[in-house]
Amino acid sequence: MKGRLVVKKKMENKQEIRLRFAPSPTGYLHIGGARTALFNWLYARHYGGTFVLRIEDTDQVRSTQEAVEVILEGLKWLGLDWDEGPEKGGEYGPYFQMERLPLYQEFTQKLLKEGKAYYCYCTREELMASRERQSKEGKTPKYDRHCLNLSEEQRKKYEEEGRKPVVRLKVPSKKVIFNDLLRGEVVFDSEVLSDLVILKSEGIPTYNYAVVVDDALMKISHVMRGDDHISNTPKQILIYEALGFSLPEFAHLPMIMGPDHTRLSKRHGATSVVEYKKMGYLPEAVVNYIALLGWSSGDGREVFSTEELIREFTLEKISRHAAIFNLEKLNWLNNEHLKRMSVDSLTERLIPFLEEANYLRKEDLSPSKINWLKEIARLMQGRFRNFSQFIEFTDYFFQDKIDIEPQVWESVLNKEGVPQILQLLKDKLSSLEVWKEENIENAVRDVASSLKIKGGEIIHPTRVALTGKKIGPGLFELMAVLGQKKAIERLEEALKKLEEREK
């Protein structure tokens, strides 16, 4: 997929455009994360900016290397190439948070020295007791600043007890106001906040703290993320201000919901991006679909190439309403992209799935075999929604023997007159000297005419005998691609089974 098209536009401010995607490697890359990555990537590419990938791996219990690899694989498959980050490097690295611990500790010491932060030795039990007391008094439960002005003697006593302190940011009492590029002005009262823990007792930064330090040092100009993060933004702004960093622009994307308007989950058909790859979806179709989850061109179009998305993408075209995930819409879009592909490209994309199904080996791909595959691709183009379904729909081309489901057998083949129809057709087809669609059609119609039956009465049992399926592409073109030898063998096999059933 071509992803390097850049559309340079004039921005109101002349700052360097730098956006980031910063997943936590605690699971797979899901649809919501992929959309966040895509919108950041499209914005960076549209304005000729930089797209940064950062791995936020401070959750040491849940973060895994396997998850990192799955996330990278998903982004690569979608074509969302990053300019800086893992495997690429860059001047603002390292790009894994656990490799940046000295930076967070350095800035923490600065805040402590300036009196903007302090050590807190309170235990979990003490914190819970304090909150319960405040609740009973009708107050908003928050940290009571017990450790804000500890004497040296009190601090020493706590340390002798073996208490390991966290570091808290002293939150000023003020209104936090910021302009969200999608929502407009957002106002938040810091009075409801506890003094924020910025460094845990083991020396690992909290999420909000690490994000601010990283975004500031990596010169991120725009923070675009899901609106489930909007409550984090005021906290992060307070940290930006305490550290003396300039604020980036913020944009919070509406949530993605299931068709039942509940939070998107696996039961709605949303799964790992890598699973869509395994199921045989086109990456450009998945990118197209994800882009439409909250964005539209405004002109009614729905099918876009990645290059067109880059040209068209702007924040003004993002909806403020929740997007609805619909698997059928993805299937439709994937089919539309499949229909627009050249037969050569379609065949090339099919080969790995045919290999995985053990229908062919790459080393056996002769020019004649490739041409035959192209004929199958041309025959089926537009008739399947993904490559997995192609394998399901076309297995009869690649197998010597086919299985006919009992229900299909009973409803189509196990009928009076069918043996006579198939026998006459087999004899007629066996005599054909040139095996091509026109000759096959004439042969079938001659048999139908001689038996004084309608075309459907011969076409339906013939299709089932040849493919094991009740539906598929046109019978005559299907038979032309299947080949004379295999067609005759399958008619003989069906006749043999019909004869055995009559005994």
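Biologist: Before we start, what counts as buried, exposed or partly exposed here?
Modeller: Buried means under 20% relative accessible area, exposed means over 50%, and partly exposed lies in between. Keep in mind that this is a predicted model.

Biologist: Okay. Is Lys 278 buried or exposed?
Modeller: Exposed. Its relative accessible area is 53%, and the cut-off is over 50%.

Biologist: What does the side chain of Lys 278 meet in a salt bridge?
Modeller: Glu 275, at 3.5 Å from N to O. Glu 275 is partly exposed, at 31% relative accessibility.

Biologist: How far apart are Lys 278 and Glu 275 in helix H8?
Modeller: They sit 3 residues apart, so about one helical turn separates them. Helix H8 covers residues 273-279.

Biologist: New topic. Which residue does Asp 344 form a salt bridge with?
Modeller: Lys 374. The closest N and O atoms are 3.0 Å apart. This pair links distant parts of the chain, 30 residues apart: Asp 344 is in helix H12 and Lys 374 in helix H13.

Biologist: And how accessible is Asp 344?
Modeller: Partly exposed, at 47%. Lys 374 is partly exposed too, at 21%.

Biologist: What about Glu 492, which side chain does it meet?
Modeller: Lys 426, in a salt bridge of 3.9 Å, N to O. Glu 492 lies in helix H21 and Lys 426 in helix H17, 66 residues apart.

Biologist: Is Lys 426 buried or exposed?
Modeller: Buried, with 13% relative accessible area.

Biologist: How many salt bridges does the count come to?
Modeller: 43.

Biologist: Which residues are linked in a network?
Modeller: Salt bridges link Arg 20, Arg 54, Glu 56, Arg 100, Asp 214 and Asp 215.

Terms used. Residues numbered from 1 in each chain as written. Predicted model: local features only at pLDDT ≥ 70, side-chain atom pairs only at ≥ 80, totals over all residues. Heavy atoms only, no water. Salt bridge = Lys/Arg side-chain N within 4 Å of Asp/Glu carboxyl O. Helix = DSSP H or I, 4+ residues; strand = E, 2+ residues; numbered from the N terminus. Buried < 20%, exposed > 50% of the residue type's maximum accessible area, 1.4 Å probe, protein only.
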